[in-house]
Amino acid sequence: MAGKIRIRAQLDGDTCEVKALMRHPMETGLRKDQAGEPIPANYIEEVTVTHNDKVVMHGYWGAAVSANPFLGVRFAGGEAGDKVTVSWRGNTGETGEGETTIR
Amino acid sequence: MKITITFVLWLAGCIGFVQAEDMSSALNGGFKAINQVGLDRLEQDTLQAFCSKPREEPGDAAVAAELRQTALASVVLPGNGEYLGSWERGQEVANNGKGLQYSDNPEEANGGNCYACHQLDPAEVAYGNLGPSLTNYGARGQSDVMLEYTWTKLWNTHAYNVCSHMPRFGAQGILTEQQLKDVMAFLFDPDSPVNNQAE
Amino acid sequence: MPNSRIINVAACLVATVMLTGPAHADEAGIFDEYRAMFGDDNPAIFVIEEGEEFWFASQGPKQATLEACDLGLGPGVVDGAYARLPRYFEDVDRVMDVEARLRFCMEELQGRTPEEVDDRPYSLRGDLGTEMEALVAWLAEKSRDLPIAPGQEHDKEREAYSLGEAVFYYRAGPHDFSCATCHGQEGMRIRLQALPDLTTHEGAAVAYSGWPAYRISEGVVRTMGWRMRACFRQQRFPLLDMGSDVTVALQTYLAVTAAGAPMAAPGLKR
Amino acid sequence: MKVEPIGGMARREFLKVGALIAAAVALPGKLWAAATKPDAAFAATDLNATFAALGQTPTESAGIIFTTPDIAENGAVVPIKIEVDEAVLSGVSRLYVMVEKNPNPMAAMFSVVEGSKPYIETRVKVAQTCNLYAVAENEEGFFMVSKETKVTLGGCGG
C-alpha cells in the first residue's frame, strides 16, 4: 500500500503552493511489534519536488518525519496546467512518485 | 467475594429493561480471554453490581450504608504504622497509567495513574479533572486522622463515598502497600512538588 | 423510502442540532493551535481509496467481490448505508454494526473463513492499515454529512439499545470501571484528553460522527469497533470481540443517542 | 560520510560538499544534482554533535519564522512550518529541522533550489517535551530559531 502520493499544487499570485501527503509508515527501527520483535527501519530518506521536470526542492529525511509524511513547499514561476511531481526514495531502496498539474 | 453475574443481576432483579441472563450471555459471548486477562474480569462483586445502575441512579440507602460499612471494615492499615514512603517513587506511581490491561507486561509494577483524574504537581499541565485537584494536599493537615483518612480513601474509596468512580487501589490489589505509602508521601511530604512549588 | 419515520425523527434532530449550534465538546481549546495546523491534509484519504479497492477486489475461495453485499439499503448500495447502522438484518436475525455485516459478507459472498476475517481486523503496531479499516473508512466517507439514523423499529434493535445502555453502566474488573466512569459527565477530561459525555446527544454526536478516524498517534485509521475494544482494554476488561452483540449494542446505544447529527468521518483524532 | 566527532574536520568536509551543491544548483533544469546526504549530522545523537557535524553552531536570527504548536496532543505528529524573511536573511540555500531530545535530533534537511521559496511545512515526531530548531544556511553561515513544544501524555491506560 505504500508508495502512493497525493499532491495539490495551487497558484497564489506568482507563487505555487505544493502540498503532498505520502503513504509511508516511517518506521524508526526503534519500535517493537506486539510479539516483542523489532520492527525494521523503513523510512523515506530522500524527497524531490519538480516543476516541469526542474527540481524545485530536494530534501533528506531521517526517521523522525511522521508516518504518512506531509510536505508543503513553495516556488515561483508556475502556471496553471504545469506539471508538478513529488518523488521519494526510502532507506530500503523502495521508491514512490506522484504527479499533478497546477490549478 | 466474586459471585456470578447471573446471581448479582438476579439480586438486582434486572438491569434496566435487560434481563440478567441476557446481559450475562451477551458479556460472556462478547469477550475473549487474552494474555493474563480472563473472563472472570466480567464478573461483578456486590459493590460493582450496586454501582452499575443505568443513569447512575442512587440505589437503596440501606444497602449503600451496608456497603460503606463493609468497605470501611476491609481497609488494612499499614502493618508498621508508617504511612509515608518516598515521594519520588510516589510521583512515578502517579504518572504511570499502565497495569492490569491485557496489553501490559504483568511483570512490571502497576501504576496509579493519579494524573488521569487529579491535578497534583502544578508544574504538570497534563492532568485530568474527573477528581478534585490535590495540589497542596499536605496543607490540609498531617495529623494521624488525616493520614488514616487518606490511606482509607486510597485503599477503598467506597468507605466514604459509595459508588465513587475512583478505583479501590488497596482492596483490589492494584497497588502494593509500599506503593500506597509512596503515593501518600507524594501527597503529604513537604518536599514533594505537590506541596513545595518552586518559584 | 424505508423507515421514513426515522428520517423524520432524524430531520427534527438535525434541526435541533442546528439550533443549538455545532457540537464541539471534545475540542479542548488548548490543542486548537495544534489541530489547526493539520488543515485539510488527513492521511485517511489513502485509506478511503484503499477501501474502495478492497470492495471491488475479487477475494476468497469464491473469488467474489463485495459488490453484492447488502449493508441494509439493498445489495451493493453503499451511499448512506453507514449512517443507518447498526440495524436489524433479517437474513441473520440479528442487529449488526458495519464490521459484523462486512464480516458476514466476506464469509457469505467470498467464502472466507471466520478465522481469516477475524485474524487481524485492526492494525497492530507497525501495520499501515487493514482491509477492515479501509472498508469502514470508505463506507463512512460514503455517508459523510448524512444524519446518523440507526434502526430502532425492530424489537431486536430496541433490545440492542437497552443492552447497550446496561453495558455502558456495567462496572467490573480490578479498577471498577464502566464506560460511564469516564463518559458520563460533561466537561471532563483524562489528562488533557477531553471526554465526551456520551449520555447526552451533543456528546454522543461528537464521538459517533467522528469515527472512523485517522489516529495521529498511531498513523492508522481506527474504527468505532476498535474504539470500543480499546476502551474496554483500558477498563481492564478482556478482549472485546469485533461484531459481537456487546459491541453492536453499545454502538446502537451511542448511535441512537447521537441520531440526527451529521456524520463527519473519517476524521482526525489524537 | 562517516560520523565526524569534531567541528573542524566536519566543517571542511561540509564546505566542500556545499561548494559542489552551489555549483549544482546554479545549473538549469535536469542538470541539477542532489547534495550528498550529511550522514554525520543525521547520525549525531545530541544537538551539539549535530551542529558540530554541520560545522558550526548557528547564530540566532529574527529572519527565520518558525511556527510550531506550543503544546502537542501527540508527539507522533507535530506540524511545523519554516519561513524566511528574505529582507533579513537572504540567499538561504538550506533549511534544517531539529528536535533537541529525539534519539537523533536532525529530522530533515531541505535544499532550496534557485527560484524556490525558503519555505517548508512538514510534520515531525517529538519524543518528549523539548526545543525544536529551525536552521537556515546561506553563504554567511548557519542561523537558527528555536521554540519549545510540550508533548502531553494521554489516556487511561498509558
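In what order do the three strands of the open sheet in chain C lie? In this predicted model, the order is 6-5-8, and the pairing is mixed. Strand 6 (220-222) and strand 8 (267-269) of chain C form the edges, each pairing on one side only. From one strand to the next, the twist averages 40°. Strand 5 (residues 213-215) of chain C runs parallel to strand 8 of chain C, to which three bridges join it. In this pairing, C:Ala213 has C:Gly267 of strand 8 as its bridge partner.

Helix packing was examined next. Two packed helices are described by the angle between their axes and the distance between the axes. For helix 4 (residues 98-110) and helix 6 (residues 131-141) of chain C, the axes come within 11 Å and cross at roughly 115°. The crossing of these two helices is right-handed. Helix 4 of chain C contributes C:Val98, C:Glu99, C:Leu102, C:Arg103 and C:Met106 to the contact, where they meet C:Glu131, C:Met132, C:Leu135, C:Val136 and C:Leu139 of helix 6. By class, seven nonpolar and three charged residues make up this contact, with no polar residues.

Helix 10 (residues 224-234) of chain C is mostly covered, nine of its eleven residues being buried. Helix 10 of chain C is followed by C:Arg236, which has a positive phi near 70°.

Key
Residues are numbered from 1 along each chain as its sequence is written. Chains are lettered from A and ligands numbered from 1 in the order in which they are written. This is a predicted model: local features need pLDDT of at least 70, side-chain atom pairs count only at pLDDT 80 or more; totals for chains, interfaces and linings use all residues. Side-chain values use heavy atoms; hydrogens and water are left out. Two strands pair if DSSP finds at least two bridges between them. Helices (H or I, at least four residues) and strands (E, at least two) are DSSP runs, numbered from the N terminus. Axes are lines fitted to C-alpha atoms, for helices over the stretch in contact, and angles run from 0 to 180 degrees between N-to-C directions. A crossing is left-handed if the near helix is turned anticlockwise from the far one by less than a right angle, and right-handed if clockwise. Contact means heavy atoms within 4.5 Å. Ala, Val, Leu, Ile, Met, Phe, Trp, Tyr, Cys and Pro count as nonpolar, Asp, Glu, Lys and Arg as charged, and the others, Gly among them, as polar. Buried means under 20% relative accessible area, exposed over 50%, partly exposed in between (1.4 Å probe, protein chains only).
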